[in-house]
Each structure stands twice: as structure tokens, then as C-alpha cells.
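Hello,

Please find the structure below.

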Amino acid sequence: MKFLVRNLISDIERVSNIQVYGQIAAVQGMLLEAGGVQRTISVGDRCNVVARDGRRVICEVVGFRQGRALLMPYSPIEGIGLGCRTEVQDAEPVVFPDRGWLGRVINGFGEPVDGLGPLPGGDTAYPVKAQPPSAHSRSRVSGKIDLGLRSVNAFLTCCRGQRMGIFAGSGVGKSSLMSMMARNTSADISVLGLIGERGREAREFIEDDLGPEGMKRSVVVVSTSDESPLMRRQAAYMTLTVAEFFRDQGLDVLCMMDSVTRFAMAQREISLSAGEPPASKGYTPTVFAELPRLLERAGPGVGKGSITGLFTVLVDADDHNEPIADAVRGILDGHIVLDRSIAERGRYPAINILRSVSRTMPGCNNQQENDLVRRARSLLSTYEDMAELIRLGAYRRGTDPKVDEAIHYYPAIEAFLGQLKTEATTLQTCYAQLAEVLGMPFDGDGMGRK
């Protein structure tokens with residue numbers, strides 16, 4: 001009850017004595033044009049449009065045209081017509097996260113959608129579109145984070161506060177990879193954003209892939225593909241807002257978002273509706289401006305806490321150089337590439353080690369660990385260069401000692417990279433296992449340098 005009273009008092013304090021309102025002057029597709037309010041609002045503000053049946057539709061100001069405000073709704077616009085009342089919201093969009101949100105599923109407004117009752121409210125208001133900490137006030141990325149996957153822990157080691165992209169086409173195993181990380185990570189809290197997800201798969205991911213063990217220390221933000229582009233974009237912002245709350249509690253947060261591409265597509269729909277001209281493959285300039293504003297919110301905090309970001313990118317037609325993939329790759333601190341050909345031969349996770357990189361990894365490993373990884377990558381590269389000749393039987397053993405060596409070690413390295421969804425390998429043991437596969441000495445604890 002105290003949470004409800006506190007939220008009610010906070011809402012009352014933000015109520016303005018003056019109510020500004022106008023009316024709908026035009027409707028075109030998903031875009032509403034409102035007159036009479038254009039001088040009192042700016043881009044990003046919100047309005048309530050009162051439909052014929054009394055329903056209030058929350059809208060956001062996305063631009064102005066010919067003296068009218070352009071509004072986009074968060075929900076369907078059935079029942080809205082010319083002359084409908086438009087009320088300006090005076091308060092900035094904020095939420096009040098709380099540790100009681102763990103184990104819950106929410107939407108882009110921070111409202112529960114799991115049928116488990118109302119959410120408790122915290123003491124501090126967090127703006128949904130917050131600015132990232134300044135570069136000079138942030139702590140440095142340091143200390144490894146255990147993600148439970150042999151291939152990632154050994155070859156693509158991540159640090160607390162690092163941001164990594166997971167690049168893949170559809171059906172290559174992104175969701176399974178995310179669920180394994182959420183269940184097995186050493187991070188204190190996991191915050192998962194399912195942006196533009198299929199409605200059928202959202203519950204399956206939560207119940208089957210994530211499971212009760214992963215869910216009890218996670219918060220899941222869901223926006224399905226049938227929701228408005230504003231709602232899908234809002235869910236992405238909400239995911240980072242919840243992660244920022246737990247970061248400010250001094251916790252290490254693993255923030256995963258599936259997918260950044262759907263966030264970009266939602267922003268494209270919004271921008272095109274507002275009349276912004278397209279640039280690259282239909283994406284507007286605003287899309288490429290919003291991507292760093294979203295992704296930069298992850299990373300180390302000002303104090304002890306951190307947000308380690310893992311953002312999936314759904315590459316169009318398996319083209320890893322398409323505009324969104326190219327832009328995201330330039331913002332993040334590394335990328336994990338899932339390869340369809342590896343998935344087709346039955347090795348999961350289908351990570352292409354040679355095309356993936358963690359930019360912070362060499363600095364956080366010790367010399368022995370870097371030597372192991374360098375050796376394994378060299379063997380994989382040598383084998384892949386000769387793979388066609390080997391499969392065709394055109395290569396004769398003894399021709400090149402390096403190729404012979406790669407052929408000898410390749411099956412064991414492939415077995416090391418493969419992992420069942422129910423398996424977990426810690427940082428302390430993955431390097432020891434890789435050293436055993438390669439027949440190299442290893443006396444470290446797998447934690448590298450701090």
C-alpha cells in the first residue's frame with residue numbers, strides 16, 4: 001500500500017494547475033495532426049487524445065507541419081476523428097523502478113504484463129530517455145564477466161561494462177545464445193529487452209529458454225511485433241532505464257536486447273511518417289543518430305555498478321555489411337558473428353570465431369591466456385583456408401606440416417566450441433580445457449588481469 005500512496009503523491013505533485021488542450025485537425029495513416037497546442041509543446045512531449053468512446057490514446061509529438069503538431073499514437077487510433085480533444089501532458093515521462101521488479105515481465109511503459117499483480121514503485125524517478133554518463137566521469141571497463149559459454153569465455157572474453165553485438169540472420173540461434181548467457185552469467189542482474197518479438201515466441205522464451213532459474217534474477221521488457229513503432233522504440237528505452245536503476249545500486253547488470261535492428265526499423269517508421277527523407281536503404285538520418293544515444297547508455301557507471309550490454313543485430317539476408325549492422329559495429333566494443341553454415345552442420349552455438357572479436361580481451365587476459373587463444377585461432381584459420389581441398393580429398397597429408405597440425409586439432413577445437421543449452425563452463429575452467437585440447441601447459445586460474 002505504501003508504494004501506491006507514494007506513487008500517487010508523486011503523480012499529484014507533478015500535476016499542473018493549467019490544462020492545455022487543442023483538437024485533431026487531420027488524420028493521415030498513423031499520423032495525427034493537432035491544432036491549438038503547437039506553441040506549448042516540443043518534439044518528444046506527450047499528449048492524450050480523447051477518442052469518441054472516451055478512451056485516452058497516448059501520443060508523442062514527432063514533428064510540426066504547417067502550424068500543427070504531428071502526433072503518433074502508442075496504441076490503435078480507432079475512434080479518433082476530426083475535432084477530438086487533445087490534452088498536453090505536463091510531466092516528463094519517468095518510471096520508478098524497484099528491486100521488486102525482479103522476476104517480472106513489463107511493457108514499454110513499465111506496466112506489468114505477466115498477470116502477477118501490480119509492481120512496487122521505487123523512491124527515485126528515472127527518465128525513460130536518459131542521457132548516458134559523460135565520458136570523463138565514467139569508470140573504466142575492467143574485470144572479466146562470466147557468461148557461461150566456452151566459446152565466448154575463451155575466445156571472446158567480455159569485461160564488466162563492455163558492449164558487444166551479436167550479429168546473425170534469422171533462425172541461427174540468437175535467442176538460445178541469449179538465454180544461456182542470462183542463466184549462467186556471473187552478473188548480479190539480467191535485464192532483457194524483447195523488441196518487436198513474435199507474440200507466440202515471447203512466452204516460450206521466458207518459460208522454456210530462460211526458465212525459472214534465469215527468470216528469478218531478471219527483468220524482461222516485452223514489445224511484440226504487432227504493437228506500434230512508438231511502443232517498440234519505447235521498450236528499448238525502458239530496457240536501458242531499468243538496467244540503469246540496478247547499475248545505480250552498485251550492481252553489475254547484464255543488459256541484453258533482441259534486437260537493435262527492430263528498434264531501428266521502428267524509428268524508421270516514425271521518421272518516415274513525420275516526413276523525414278530516407279537515406280541508406282530506407283533508413284532515415286534520425287535512425288543513425290538514435291542508435292548511439294541508445295547504445296551509449298550501456299557501459300560502466302560513475303560509481304561501482306556497470307551495465308554490460310549484449311545487443312543482437314538481425315542482419316538482412318545474412319549481409320553483415322548492411323547499414324544497421326555496419327553502424328552498430330562501429331559503436332560497440334566487439335561483435336559475435338553467428339554463421340548459418342556452422343548452424344547447418346549442427347554445431348551450436350554457431351559462432352564464427354574467426355569473424356568475431358572482443359576489443360577489450362587482449363588487455364584483460366594474461367600472457368598465457370592470450371597465447372592459448374592465438375594458437376587456437378591460428379589452427380582454425382589454417383584449416384579454414386584449406387577446408388575445400390580437405391573436404392574434396394585433394395589435400396595429401398605431409399604436404400604442409402602446418403595444415404597437418406590444423407587437421408589434427410580441428411575436431412577437438414570444434415568439440416570445445418560446441419555446447420548444449422543445459423551446459424555451463426566457468427571462466428576458471430574454460431582456459432584449462434582449451435589448454436588440454438591444444439596440449440599446451442597452463443597454470444592460470446582463468447581470470448586474467450583485473
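**The barrel and its strands**

Strand E4 (residues 56-65) is joined to E5 by 6 bridges, and the two run antiparallel. Helices (H or I, at least four residues) and strands (E, at least two) are DSSP runs, numbered from the N terminus; two strands pair if DSSP finds at least two bridges between them. This is a predicted model, in which local features need pLDDT of at least 70 and side-chain atom pairs count only at pLDDT 80 or more, while totals for chains, interfaces and linings use all residues. Residues are numbered from 1 along each chain as its sequence is written, and side-chain values use heavy atoms, with hydrogens and water left out.

Arginine 65 has arginine 68 in E5 as its bridge partner. E4 and E5 form a hairpin with 2 residues between them. In that turn, glutamine 66 has a positive phi of about 50°.

On another side, strand E2 (residues 31-35) is joined to E5 by 3 bridges, again antiparallel. Leucine 32 stands opposite leucine 71 in E5, and glutamate 33 stands opposite leucine 70 in E5.

In strand E5 (residues 68-73), 5 of the 6 residues are buried, so the strand is largely enclosed by the rest of the structure. Buried means under 20% relative accessible area, exposed over 50%, and partly exposed in between (1.4 Å probe, protein chains only).

These strands belong to a closed barrel of 6 strands, in the order E1-E2-E5-E4-E3-E6, with antiparallel pairing. Neighbouring strands of this sheet are turned by 45° against each other on average, direction ignored. Helix H5 (residues 229-248) packs on the sheet and touches strand E3 (46-50), E4 and E5; contact means heavy atoms within 4.5 Å. The direction of H5 makes about 75° with that of E5. Axes are lines fitted to C-alpha atoms, for helices over the stretch in contact, and angles run from 0 to 180 degrees between N-to-C directions.

**Helix pairs**

Two packed helices are described by the angle between their axes and the distance between the axes.

Helix H7 (residues 285-295) and helix H8 (residues 323-331) pack at an angle of about 40°, with their axes 10 Å apart. That makes H7 oblique to H8. Angles under 35 degrees count as roughly parallel, over 145 as roughly antiparallel, 65 to 115 as roughly perpendicular and the rest as oblique. The contact involves Val287, Phe288, Leu291, Pro292 and Leu295 of H7, and Pro323, Ile324, Ala327, Val328 and Ile331 of H8. By class, this contact of H7 with H8 has 10 nonpolar, no polar and no charged residues. Ala, Val, Leu, Ile, Met, Phe, Trp, Tyr, Cys and Pro count as nonpolar, Asp, Glu, Lys and Arg as charged, and the others, Gly among them, as polar.

Helix H11 (residues 367-385) and helix H13 (residues 401-417) pack at about 110°, with their axes 8 Å apart. That makes H11 roughly perpendicular to H13.

**A residue in H6**

Glutamine 267 is found in helix H6 (residues 260-273). Glutamine 267 is buried, with a relative accessible area of 3%. Leaving aside neighbours within four places in sequence, glutamine 267 is in contact with Arg233, Thr286, Val287 and Glu290.

Regards
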